[in-house]
Amino acid sequence: MSRIGGAVWLVAVALAAVGCEDSPNPGIRADAGIGDAAVPDAGMTFDGGQIGGDQGPRPDRGMPPVDMGRPPADMATGDMAMPPADMSVPPADMATPPADMGGPPADMAVEPADMAVEPADMAVEPADMAVEPPDMMVACRDCDGDGFTEAQGDCDDLNPDIFPGAEELCDGVDNDCDDRVDGQSEACYAGPPGTNGVGICQQGVRVCRAGAFGACEGEVLPAAAEVCGNGRDDDCDGMIDDGCDRDGDGFTVAEGDCNDDDRAINPGAAEICDGIDNDCDRVTDGMREACYSGAPGTAGVGVCRMGTRTCVAGMFGGCADEVVPGPEACGNDQDDDCDGNVDEDCNVVGCPDLDLDSPVVLSSACLAAGSQARAAIFADVVDSQGNAIPGITVDIQAQGQVDMTPVGRIGNRWWRRINVGNEAGQVRFTVTASCNGAAPLALNTSPVLTIAPGLEPGDDIATGGCGDPDGNLEVRVVDANTGLPIQDARVMVGSQGEDTFQRDAGQFVRGVAGASPNRLATAADGTARLLDFGDALRGEQILTVGAEDYEYVSLFGLDASQAVIPLRPIAPPAPATVSLAGDLSNFNSLAADGQTDAGVVLGSFNIQGLAVFGIGSLLGRYDCWDPITQGFVGGLVNEVPTPGNLMVPQQQEVVFGTPVTIERHSFLFTDFLRGRDDLVGVSGKMPTQELANLLLNGGSLADTISLLTLREIGVLRNQDFNADRAGMSIPLSEDLAANAGCDASNLPAGADLFCVIAGDWEGGNGNGRLFPMGLKSATAAAVNAARPGAVALPLTTVPAQGPFNGIGYVGAAVARLQGDAVAEPLRGAVSGVVDRRAVTAQGGRFRASTFFNATSLTRVDRTFSWDEIANANSPDVDTCRFEVYRQIRESYDPGACSNNLIDGRDEPVWTVYTDGDPGEVALPTLPADFPRARTFGYVNPGATPEDDRLLMRITCMALGEAPDFDFDAGNFRDLVNGLTHATTNARNY
């Protein structure tokens with residue numbers, strides 16, 4: 001193939017290369033062995049983060065093939081220097097004959113007889129020999145060596161700087177031979193650095209005339225001062241109405257007013273219990289107030305005291321630490337009934353030698369309400385010499401909502417078992433002794449039991465109850481997809497199955513060591529209740545849950561008494577999909593403007609996918625596309641495999657001076673998840689000539705995307721995709737505004753940068769379903785050249801109007817380590833920073849400088865280790881998630897343009913959540929009766945297709961938008977709601 005033909009071929013598949021060149025998951029050939037296969041993209045792999053349908057397509061669906069973005073194997077560099085023999089362009093060393101030269105073909109045999117010419121025939125009049133000098137000359141093939149002849153449009157074949165496709169300079173010369181001198185335009189901006197594209201500021205255009213550029217027209221520069229109340233960023237500093245106080249509460253946005261349209265919300269306001277951040281400290285509620293439920297006038301009298309209650313989610317909880325009046329206990333020198341009198345009506349003579357300091361032991365200090373948790377209380381009641389007291393009667397009383405068994409006696413020890421009730425609060429215990437029928441005496445020790453609010457059931461992982469298992473752990477196991485309880489799920493505490501728990505209160509009181517298992521199967525309601533009256537079930541624990549045909553989930557460092565654990569099926573049925581096909585319409589301009597127009601059609605994804613954004617993860621299954629059928633090199637370009645969701649309109653372009661017609665490629669989803677979703681199309685332009693040069697010189701994914709400028713966006717809202725649909729049309733209804741940007745610094749060494757702005761269909765703070773509206777990239781070389789400063793990238797947004805009314809805005813800066821220059825253990829690592837505040841409907845600029853470290857991931861037997869995540873610039877890690885999963889690989893046929901390709905989806909095998917960043921996890925050893933114990937909890941390799949394989953992945957997160965997240969008392973939906981930083985990497989198992 002000729003160099004020109006190769007260039008056009010590369011241009012034609014340019015957007016096919018976007019997302020596969022240098023990708024950590026470039027695709028898998030059907031004939032590749034497991035060792036050959038690339039590790040899947042660590043990007044869009046989070047629950048609910050897939051693209052398309054209610055949940056989106058499978059996270060790794062749409063992985064491009066290994067050899068995409070390159071010419072076929074027979075198009076070696078050397079081959080591309082010359083056209084095929086049958087091409088109409090002669091070899092460079094062939095002299096071009098005059099137009100009127102005739103003659104037989106070079107290979108025609110001529111007999112001698114045919115060459116006999118009579119002398120008369122050779123007589124030629126002098127006039128016949130008169131030939132004009134031009135016809136006698138042999139024209140230069142390419143006189144100035146610029147690759148173009150006069151026949152190909154070179155308007156000055158003696159000047160190598162002038163030829164078709166040359167850059168038009170502002171010099172009064174027709175440099176590109178288009179019969180136009182100058183007239184080109186270029187962007188211009190005279191405002192301060194960093195303000196272009198921020199707020200109202202925008203660049204203008206200046207036009208070249210007579211060899212010189214004119215004035216900058218249409219630019220908008222920063223205003224001298226912010227104009228209050230117009231809802232715009234007039235001074236282009238990234239803030240709207242800063243310096244203004246719209247609501248008149250005495251605070252401006254610059255002074256921290258987080259809602260300058262509500263006088264009741266400002267940094268000086270009092271926080272009230274209403275589910276709103278009233279004082280703009282980024283903490284909603286959380287305040288405490290005094291409370292007391294005893295009789296009026298008794299607080300502060302005797303033992304009685306007030307407690308506190310805490311506001312959570314707009315409501316105050318129960319009153320903690322209060323002491324209310326109780327029965328008067330004789331002999332303790334206390335006013336127990338808080339009436340101002342001590343030991344009234346008591347006869348303290350009955351047990352004169354009673355040791356009032358006899359020990360009282362409570363096995364648990366906290367139980368969770370409604371959890372059926374249990375505790376034991378006992379007292380060794382003796383005289384001052386430690387001896388039994390004849391005729392003594394001991395009672396153990398409770399002030400509060402608990403149920404207790406009758407008092408039992410073992411020697412000098414009196415005890416009762418406590419069963420927790422459904423009401424939160426506190427229970428105070430009093431032990432009294434009576435001798436000889438006299439009034440009872442109270443021991444000095446009166447332990448208090450806290451009844452913590454119980455954990456509300458839900459479909460997310462959640463922890464709570466007491467801040468310590470404290471001898472009780474209630475675990476509810478549900479199906480992650482349906483929320484229904486899973487019966488006979490297996491629950492284990494610890495690193496292996498050992499018999500360590502004492503479940504019998506009477507045996508505990510006797511001092512007998514426990515022999516009950518540290519594991520249980522769940523009942524019909526999906527609940528398992530582990531109980532230990534001893535010391536084994538206290539403090540931080542490893543909790544592991546699994547079930548037949550479901551994944552295992554482990555929580556490392558759990559310090560709670562309740563947990564809800566949803567399990568995902570380990571081999572779910574293939575999701576129902578539909579086929580969607582159609583086009584984007586209403587492109588702004590399809591003129592031969594030197595720009596290649598293209599668009600991508602997408603379903604929704606979530607914020608965790610945004611935090612580790614991967615271009616390859618956005619691409620659909622490939623099909624065949626014949627990009628060029630018309631033009632000088634049309635016959636040289638074969639069909640190429642192309643992402644199905646790529647849409648290219650038919651357009652005329654010129655590549656290396658060759659006019660071509662780029663043919664239409666309609667979008668096609670053959671595997672869009674069935675369900676309801678919003679289908680978004682974004683389109684943009686890339687300079688055709690720059691793209692061709694880039695790809696011919698081995699440009700990377702980041703290089704390619706750096707050329708892309710998004711221009712338009714359209715959407716089909718709230719579509720019910722429950723049947724195949726063809727002939728769909730998504731009108732590009734809104735122009736994207738170049739009013740935003742991102743500044744990123746302190747990226748991991750060797751990382752490319754991707755900056756993205758996404759819209760949130762649910763508005764708010766980016767917790768809903770997202771779609772992209774701005775994308776730009778910078779190469780690792782550009783990132784390194786900017787150090788220690790920031791790389792500044794321009795981005796686009798769509799106004800919150802028309803079909804996009806009510807959307808929210810969220811930005812992300814993502815560092816991706818890819819390509820051969822990156823050390824293999826780090827290749828594929830991703831680190832991202834999410835910003836929910838800087839970008840608004842008017843645009844804005846977000847800044848990212850707190851990236852986590854990129855990390856490697858290693859395995860030794862069942863211990864998995866990774867590098868330290870946090871650094872001096874980043875926040876601390878709130879939680880890490882380690883996964884072992886199986887990749888199901890399915891072959892599909894894109895058409896005659898390619899061998900079968902491999903599509904894949906992840907199936908969960910074992911997921912571990914950690915409190916903070918421990919740096920490693922060692923998976924527990926499963927008892928023999930647990931599912932898949934013989935294969936260490938993994939799937940049985942012998943029972944799976946040979947193409948399937950096990951992989952491992954580590955993802956660590958900071959939850960800056962959920963600063964109060966508590967691993968031991970939180971809902972793990974905050975991993976989405978609060979996410980601000982994430983880093984991930986994946987490796988073959």
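Okay, let's start with Cys-366 and Cys-466, which form a disulfide with their sulfur atoms 2.0 Å apart; the cut-off for calling a disulfide is a pair of cysteine sulfur atoms within 2.5 Å. The S-S torsion here is -85°, a left-handed link. This pair links distant parts of the chain, 100 residues apart: Cys-366 is in strand S9 (residues 366–368), and Cys-466 is in the loop between strand S18 (462–464) and strand S19 (472–479). Strands are DSSP runs of E, at least two residues, and helices are runs of H or I, at least four, numbered from the N terminus.

Quick caveats: this is a predicted model, where local features need pLDDT of at least 70 and side-chain atom pairs count only at pLDDT 80 or more, while totals for chains, interfaces and linings use all residues. Residues are numbered from 1 along each chain as its sequence is written, and side-chain values use heavy atoms, leaving out hydrogens and water. The mean pLDDT (the predictor's confidence in each residue, from 0 to 100) is 80 for the chain, with 82% of residues at 70 or more.

So, how many disulfides does a search of the whole structure find? It finds 12.

Another one is Cys-880 with Cys-956, sulfur atoms 2.0 Å apart. Its S-S torsion is about 105°, so this disulfide is right-handed. Cys-880 sits in strand S50 (residues 879–892) and Cys-956 in strand S53 (residues 949–958), so parts 76 residues apart in sequence get tied together. Both cysteines, Cys-880 and Cys-956, are buried, meaning under 20% relative accessible area, with exposed over 50% and partly exposed in between (1.4 Å probe, protein chains only).
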